[in-house]
Amino acid sequence: MPNSSPIPATGSGRTFRILLSGFYPNYRYGLATATLRSYLLNDAEISTRAAIDVDGFALALTDDKVASSILRKSPDLLGFSCYVWNIEKILRACARLRGAGFASPIVLGGPEATHTAARLLEENPAVTMVVRGEGEETLRLLVRRYLGLGGGFNEIAGISYRDGVRVVETADRPPIPDLSVIPSPYLDGTVDLHGPDIQYGLGCYETYRGCIFSCAFCLWATIKSRAYPIERVERELLAIMNSKVERVWFADAVANLDKDRFKRILRLMTQKNTNKVFFDFEIVAEMLDDETIELLAALPGGYMACGLQSTDPGAIKNSRRFSNLARFRNNIERLRRLNGKIELFIDLIYGLPGDTLESYRRSVDFALSFAPDRLQTHQLRVFPGTPFHRDAAKLGLVHDERPPYFVRRTPTFSQGDIVQAQRLGSIMELYNHVPPVRIAAALAGRACGATLAALERLVGPLGAVTPRTTLGQLSTALEGFLACEGKSLPPGAGDVLKDYGRYFIRGLMTDPRRLRAPDRKSFRLQADQLRYDFARILATRNLLNPDADWQALPQAASWSVFNEAALEETIVHFLRRHVPHRPTLPHELAKRRPFSTRPAQTGRGAPA
């Protein structure tokens, strides 16, 4: 049995200390840990006997520093929120803590722990227990047990623990049917929206849980869809939009699942968003209607991510997805023509059963035809708990049994094909994070009808794009491409892109720590002006409209009003504001750590 001795409560002169933690890209508050704290404190007996702290650690923090921080807090119960991208870090932290003499129970939860609970306990003696599924009610009963207020562990549904050498798993706990019973961490003070820990934005925000779709690669498909009351959502959003938060990622599986509800949310964002907070959404493009498109175009900024995943009929069928490519194209093009400030991200997965390298390349070209601000390509992950994991043998999916669960080959996608798709992913890093490359490839691709081929021609002189690829080499390759492709580009476009590329790449190569920050007000004015110039250059209408007048766009001379240091720092600020993912290639880009608002994976799993 786990260490189950009740700890004397406050009335006996002792407060039960709980620490709920996780590892995140660059923010303190995880949605799961913050929500769990609010739910626990809603129990009057727990709130009077326990002190509950929420803290998060950066993924880059060393194991020793993590252990030291936790040991200083000396919690009586430690909980970690586990995902595919942080589980190894958490397990090392648990082992390090036990080696330092930490004796309190360590409880793991989250999607990565839920579906591998028995294995985690068998292989990691430092872990005391696993909470499976939605954790609010299960953790509340578990805390009451440690406070001496409940029965045995075997009476708590939704947990896994050791009984000697045997792992015991109690019955599954059904999802909470009515989400209104969960207090809001944004309204009860758990998340201090005006505090220093908010920094840049909220890493995760949800208005409902679960999903009505049944995509075979996604864990959301295993969770029943339920929504928070819309009145609560509106109060939360008003509080967020009147705080120091600059950007919010919606963790909803499909933000526009309920069209009327989503439009009500968008109206609030357009009418009450005086601080111009950016919002990022996952949406199904085929489900957009005219009013929703107009509301999205009216937002001050953010991104809209569309999970296209594949255009191959066989892959779509095997993934249990629905797809209407004609409607997808019509809705995306209409949104782009409105020239709104919201960015377009498109997701693709390679290695889906039934897909081939050739059909995957066709999917890439289809996605690139919209000139998305980012094309995110993902190697299929066969997550435990998903239909693909259950049917892997039947489908012929050879995959990693450990995180990150990558597929290695399928009957139609060989191991060599996977390597080729990974190389395309490296090229997409340049497309995603260096706008001059993106625009040049899009314009040339429009002329020849194959953007991917144009992009491959652009990076061809680099050989293979690797972490050793320098921005200097990239700048040379871009200028060479513009010289060769100049006749196929609109008049004036080559000159604009050449000058823009020089300034942009020089900004990427600048170490902002060596720059003297200008006066904040002056800096913001300069940043706004440069963003306006960038927006005009990047405006999608210039990519979709053959009659666009590129010669009327700002040339390098219009940027001469900035001194060099201010210009370069402004570009860095622009990147951090508008590029929410941490780039990985080339290595100069990897030095930047802009705030990450979205997990670098598909099959999003459970709330973060």
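Modeller: Helix 3 passes helix 4 in a right-handed crossing. Keep in mind that this is a predicted model.

Colleague: At what angle do helix 3 and helix 4 pack, and how far apart are their axes?

Modeller: The angle between helix 3 (residues 63-73) and helix 4 (residues 87-99) is about 60°, and their axes are 9 Å apart. The two are therefore oblique to each other.

Colleague: Which residues of helix 3 and helix 4 meet?

Modeller: From helix 3 there are Asp63, Asp64, Val66, Ala67, Ile70 and Leu71, and they meet Lys89, Arg92, Ala93, Arg96 and Leu97 of helix 4. Sorted by class, this contact of helix 3 with helix 4 has six nonpolar residues, five charged ones and no polar ones.

Colleague: Now the other end. How do the axes of helix 17 and helix 18 cross?

Modeller: At roughly 130°, with the axes of helix 17 (residues 435-448) and helix 18 coming within 7 Å. Helix 17 and helix 18 are therefore oblique to each other. Their crossing is right-handed.

Colleague: And which residues make the contact?

Modeller: Helix 17 supplies Val437, Ala440, Ala441, Ala442, Ala444, Gly445, Arg446 and Cys448, while helix 18 supplies Thr451, Ala454, Leu455, Arg457 and Leu458. By class, the contact of helix 17 with helix 18 divides into nine nonpolar, two polar and two charged residues.

Colleague: Take threonine 451 from that list. Is threonine 451 buried or exposed?

Modeller: Threonine 451 has 8% relative accessibility, so it counts as buried. Threonine 451 is placed in helix 18 (residues 451-459).

Colleague: What is threonine 451 in contact with, leaving aside neighbours within four places in sequence?

Modeller: Asp365, Leu368, Ala441, Ala442, Gly445 and Arg446 are in contact with threonine 451 on that basis.

Colleague: Why is helix 7 described as largely enclosed by the rest of the structure?

Modeller: Because 10 of the 11 residues of helix 7 (residues 136-146) are buried. The buried residues include charged names such as Glu136, Glu137, Arg140, Arg144 and Arg145.

Colleague: What comes just after helix 7?

Modeller: Glycine 148, which takes a positive phi of about 80°.

Colleague: Last one, alanine 118. Where is alanine 118 placed?

Modeller: Alanine 118 is in helix 6 (residues 117-123). At 25% relative accessibility, alanine 118 counts as partly exposed.

Colleague: How far apart are alanine 118 and arginine 166?

Modeller: In sequence they are 48 residues apart, and in space alanine 118 and arginine 166 are 9.6 Å apart, C-alpha to C-alpha. Leaving aside its neighbours within four places in sequence, alanine 118 is in contact with Val167 and Glu169.

Terms used: Residues numbered from 1 in each chain as written. Predicted model: local features only at pLDDT ≥ 70, side-chain atom pairs only at ≥ 80, totals over all residues. Heavy atoms only, no water. Buried < 20%, exposed > 50% of the residue type's maximum accessible area, 1.4 Å probe, protein only. Helix = DSSP H or I, 4+ residues; strand = E, 2+ residues; numbered from the N terminus. Axes fitted to C-alpha atoms, helices over the stretch in contact; angles between N-to-C directions. Parallel < 35°, antiparallel > 145°, perpendicular 65-115°, else oblique. Left-handed = near helix turned anticlockwise from the far one by under 90°. Contact = heavy atoms within 4.5 Å.
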